[in-house]
Amino acid sequence: MARKDSGEKKKQRLDKGSIKKLRGIFRFMMPYKGVFTLGLISLFFSSTILLALPKLIGVLMDTAQGKVTIPWLPDLKSVGLALMAVLLFQSIFSFLRVYFFAKVNENAIADIRKALYQKFMSLPMSFYDKNRSGELFSRITSDVSVLQDTFSTTLAELFRQIATLVFGVSILFYENPKLSSIMILSFPILIIFAIIFGKFIRKLSKSTQDELANANIVVEETIQSIGTVKTFANEDFEIKRYSSNLSKVVDIALKSATYKGTFISFIIFVLMGGILGVLWYGTYMVSVDEISIGSLTTFVLYTMFIGGSLAGLGDIYGTLQKAVGATDRVEEILAANSEHEIDKETIPKLEGKISFNNVKFSYPTRKEVEVLKGVNLEIEKGEKVALVGKSGGGKSTIAHLLQRFYDIDSGELLIDGKSSQDYNLIGFRKHVGVVPQEVLLFGGSIQENIAYGNPEASEAEIIEAARKANALDFIRSFPEGMETLVGERGVKLSGGQRQRIAIARAILKDPAILILDEATSALDIESEKLVQDALEKLMEGRTSLIIAHRLSTIRNAHKIAVLEEGKIAEIGNHNDLISETDGAYAKLIQMQEY
Ligand SMILES: Nc1ncnc2c1ncn2[C@@H]1O[C@H](COP(=O)(O)OP(=O)(O)OP(=O)(O)O)[C@@H](O)[C@H]1O
């Protein structure tokens, strides 16, 4: 049951290719490049101004001992003022840096989210067959959040640390080449160690993430199907399953923590060792009067700055790797083929004549199973056709094709004599209405839910649609009427009530072609009658394809099409078909499928 998917949420190596990908996502920052440049300038100043601090502190110490190292800072007071000025400027530039970067960042991230959402809306059904919704959801939430971190802190930090390193090391060598060489000696050890250990730790943290993802899947699935868990009284089983997954997470995380701890303490050891070494040798130099105490202080402070930057770069490397992974996943969606461009092009009203000519089809996710093996079906304008057949025979598939959720593999699907593919997709779908078996309402008001059929409808039209759908009485029986909230935090509507809302939606949409997927579960006689009556009104003057589950519906249809073995085996009215005792329809009725 538990599927392993988030294992893909790996960090990626930073090589040429991945950096190129990362650069690609920066196109979203391009519209804000002016502000970004201002941010970079502020960053440059805030980092470099800060580098004056160690120097000034050294000067302060020397001045206290009566030595004047900078002629224009002759006494303690002036050095103190200079220190204050440095702090002040650095604070101003830090504020500007944070503000400018946030402006770029927030806008660019919103643009990425918009682009992703737009893509989601325009991707074909086959894409959703292949991808789990939870995973897609995490692209727009967590993956984009990773990018957000990258755009804001990581990128700024990268520039800041590099600037600190370059300037810091240059100043150090300029100030004291001898001491700098000692300090620099500890770098290669650090770097080699970091590379070897870093790889190992990354592997472990990836395993931790994988295990955590597995544990999260248990939570996601069980909360989604909490009813099933309770029906089977499997609460305890699920708790154990989740706990055992969590134990694995803890085990791996602890193992990883042991190595991380070793790594960090080693780094601290070498770094501090370097600093202590410099201090030790520096004090020797002070004792033989080679340098002043102020210079030594300056030197040690710079070394600490540089050490901090090096450690910071390690973190940044990790975050950038994560960002490459996130970029990959975001770009993968953005590059997927849309079924259409979202546009508002409309097509004039259709007549509603439908012809399936030798239509063959298999789902893109299961190419090897041919669901429709040559369907021939003619439905005239305004005709009511009931589609019957065994469960899994392909009735819903025909409805999907009629809505152009998928492209047919061969044959022709003609609407008013023209290939369905030749119509603009969005325009075409505006003329096809569906009343599904399971009606899903959005978590808004009843009015909003009905208006989903035509967002531009006036209030009067909405009320009229509700009336025609036999929904007005029950809506008015609620204290808040049309404003009643439905869904999770509102009233839960009964099956029959939801169907009537769906019918009202379809009435507002006013399509030429109607697909009715009859509910399999019977409603009580009263609401059944109301629904049937509303459906009859809805079907008037429209071409209707009914996936029928009740004999009464079938009898009322102009024609009955029997789907068998992926083909329309028989077509005709009830009396004709039932008289063929060996026929597919007669058998279905005998087997009491209807
Ligand atoms: N999205 C999909 N991807 C892959 N296969 C699918 C998909 N939807 C349906 N199928 C398969 O296509 C076949 C026909 O399914 P379809 O839902 O059209 O049958 P049906 O006649 O409507 O069944 P029922 O009366 O039980 O609703 C089934 O074997 C089903 O497993």
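Predicted model: local features only at pLDDT ≥ 70, side-chain atom pairs only at ≥ 80, totals over all residues.

Trainee: What radius of gyration does the protein have, and what would a compact globule of 594 residues have?

Mentor: The value is read against a reference for the chain length. A compact globule of 594 residues would be near 25 Å, whereas the protein has 35 Å. The C-alpha trace spans about 120 × 50 × 50 Å along the principal axes.

Trainee: What share of the contacts with a separation of 6 or more joins residues 24 or more positions apart?

Mentor: Such pairs account for 79% of those contacts in the protein. As for burial, 31% of the 594 residues are buried.

Trainee: Where does UniProt place the feature "transmembrane region"?

Mentor: The unreviewed UniProt entry gives residues 76-96, 180-201, 263-281 and 293-313. In the model, residues 76-96 are 100% helix and 0% strand, with end C-alpha atoms 30 Å apart. Residues 263-281 are likewise 100% helix and 0% strand, and their end C-alpha atoms are separated by 27 Å.

Trainee: Let us turn to one residue. Why is Val486 classed as buried?

Mentor: Burial is judged by counting neighbours, with 20 or more other C-beta atoms within 10 Å as the cut-off. Val486 is buried because 21 other C-beta atoms lie within 10 Å. Val486 belongs to the loop between helix 15 (472-477) and helix 16 (495-509). Its C-alpha atom is 9.9 Å from that of Glu448, a residue 38 positions away along the chain.

Key
Residues numbered from 1 in each chain as written. Rg over C-alpha atoms; globule rule 2.2 N^0.38 Å. Buried ≥ 20, exposed ≤ 12 C-beta atoms within 10 Å, placed from the backbone. Contact = placed C-beta atoms within 7 Å. UniProt positions renumbered as here; feature names shortened; annotations may be inferred. Helix = DSSP H or I, 4+ residues; strand = E, 2+ residues; numbered from the N terminus.
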